[in-house]
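Good morning, and thank you for coming. Please look at the sequence and the structure on the screen while I go through a few of their features.

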Amino acid sequence: MISFILNDRLICTEKQPGMVLLDFIRYEMNLMGTKIGCREGDCGACTVLEGSLEHGKVNYKSIVSCLTPLGNVQGKHVVTIEGLQKDQMSPVQQAIIDHAATQCGFCTPGFVMSLTAHSLDGAPSDEQNVLASISGNICRCTGYKSIERAALDLSKALAHKDAEKNLDWLIEHAYIPDYFREIAGRLAEIQMETIKVSEGIPVGAGTDLFVQKADQLFPAQLQFLRSHPEFLKIEMGAEKCFIGASVTVTDMISNKELLSIFPKLKEHFKLISSEPIRNMGTVAGNIMNASPIADIVVFLLALDAIVHVKNKAGARRSLPLRKFYHGYKQTDLQDGELIEKVEFDVPAEGVFFNFEKVSKRRFLDIASVNSALRIHVEGNKILHADLSAGGVFPFPFYAERTAQFLAGKMLDEKTLIDASEILQKEIAPISDIRGTKEYKRLLLRQLFFAHFIELFPGFIAADNLLKKAVLS
Ligand SMILES: Cc1cc2nc3c(=O)[nH]c(=O)nc-3n(C[C@H](O)[C@H](O)[C@H](O)COP(=O)(O)OP(=O)(O)OC[C@H]3O[C@@H](n4cnc5c(N)ncnc54)[C@H](O)[C@@H]3O)c2cc1C
Ligand code: FES
Ligand code: FES
């Protein structure tokens, strides 16, 4: 039995946990406001709100219902467009009307839900955040400028929000209906069956699995790991940081401790997908997806992260992430094993970190090539370096020979040019839809230099590097 609240109604259903929420909403509940577009997480037509009870408060985020299995909304509050105001327009809807930001209307419920999620966010609204909130919504007929104007107007109105009384303020100003007040109490009363973590196909958020094989997953036995408390923790010690398997991209960029050691984390991770996918996709899902360009993996590889794994009997083992992949989509994980968490060293003084990604579009696209660098420098001397890259090997790549070469060298142009040549010999890109192998070689060389230009501005001159470097 799966129990959750859909708008203001308690749902207890025996439906298959692998049924996608979108189909349940439309075909079981006859709520047709949530639209079907791509069914691949790309268009945002199916966006709904998902509220999770955390420390007595409900935390709302936008998610795509086409990739969300029912099993993942156990104990949650799901809000569709029908769950907003019935008798009057909400300020979000009114802003869309005022700016003529809708034509055929097919995408509009998705935009309204994304902007409503933004209104519910505790963080102050600004131009960047409000536009990011609709980054996962595509409109095919209105044109984005009027939608952007509606979003920016809304952001101005939200600037007056009383963050201390977030929910009361939003109800008073008709962003959300009155029944939201009761949701925290009602969620606390839902009888949660203990989520069993022992059998079946592991599911994080499903943003990879349900794109690839939703039909096969519908009848399958699944283990839902996304809300499992054991996998949700971010633990920061003086020397080590542990990130739970089901921590999402949004969890990471909202974590103050992580931001304190990676001040550019938001900037780097905003290059990953769109807001709803960032709200959903998990660390373990990114590792097990085993895509050659997996962004979180490339980030973690440069931190020389350790993967902690547990089997059905509870026996644990750990291994370096750089030893985790054996070939294209081949990982070290054995049947019945789960990733529990990843671990890396908290950067010490003199350690610098950078992440770069180039895709066909700057945002909302997977990488043609991505790369991360961690480097420990004392004066002008490189003590240690870890370099990773995606899109240049059958799996996310740890550039061992380049890293070994850099250790102990002076931080100067000659070192970087020599290292870039070693890097070219280590990689084996192939030509595909993301670019030719020659283009990917060129990209990685530029990204390698970009790490140093970004981390040591003024010290490393871009012009000189590019003039002197030759592409082998
Ligand atoms: C529209 C869209 C855009 C995307 N953009 C990007 C992008 O820019 N960059 C990027 O890197 N990725 C991107 N992705 C891919 C995907 O969202 C990420 O890889 C995400 O991190 C996957 O996490 P998940 O929890 O949804 O994985 P799931 O789909 O739940 O699972 C993926 C795999 O991991 C396994 N798994 C999950 N948890 C565990 C565990 N704890 N132990 C063992 N196995 C486990 C599952 O069995 C499955 O094999 C995108 C996806 C979509 C749909
Ligand atoms: S239908 Fe396109 S994102 Fe869900
Ligand atoms: S209004 Fe037609 S797709 Fe957006």
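**Paired strands, an open sheet and a ligand shell**

Strand β15 (residues 351-359) and β16 run antiparallel and are joined by 9 bridges. Strands and helices here are DSSP runs, numbered from the N terminus: helices are H or I with at least four residues, and strands are E with at least two. Two strands count as paired if DSSP finds at least two bridges between them.

Before I continue, a word on the source: this is a predicted model, in which local features need pLDDT of at least 70 and side-chain atom pairs count only at pLDDT 80 or more, while totals for chains, interfaces and linings use all residues. Residues are numbered from 1 along each chain as its sequence is written, and chains are lettered from A and ligands numbered from 1 in the order in which they are written.

Glu 378 has Lys 381 in β17 as its bridge partner. The two strands, β16 and β17, form a hairpin with 2 residues between them, and Gly 379 in the turn has a positive phi of about 60°.

Is strand β16 enclosed or open? Of its 12 residues (367-378), 9 are buried, so β16 is largely enclosed by the rest of the structure. A residue is buried if 20 or more other C-beta atoms, placed from the backbone, lie within 10 Å of its own.

Let us turn to another sheet. It is open and has 5 strands in the order β2-β1-β5-β3-β4, with mixed pairing. Because β2 (9-13) and β4 (57-64) stand at the edges with a single partner strand each, one side of each is left without a neighbour in the sheet. Inside this sheet, strand β3 (residues 47-54) and strand β5 (residues 77-79) run antiparallel, joined by 3 bridges. Glu 50 stands opposite Val 78 in β5.

Finally, the ligand. How many residues surround ligand 1? There are 32, and the closest are Gly 41, Gly 204, Gly 281, Gly 285 and Met 288; a residue counts as near if its C-beta atom, placed from the backbone, lies within 6 Å of the ligand. Among the elements that give two or more residues to this shell are β6 (201-203) and α8 (209-217). The most come from α13, with 5 residues.
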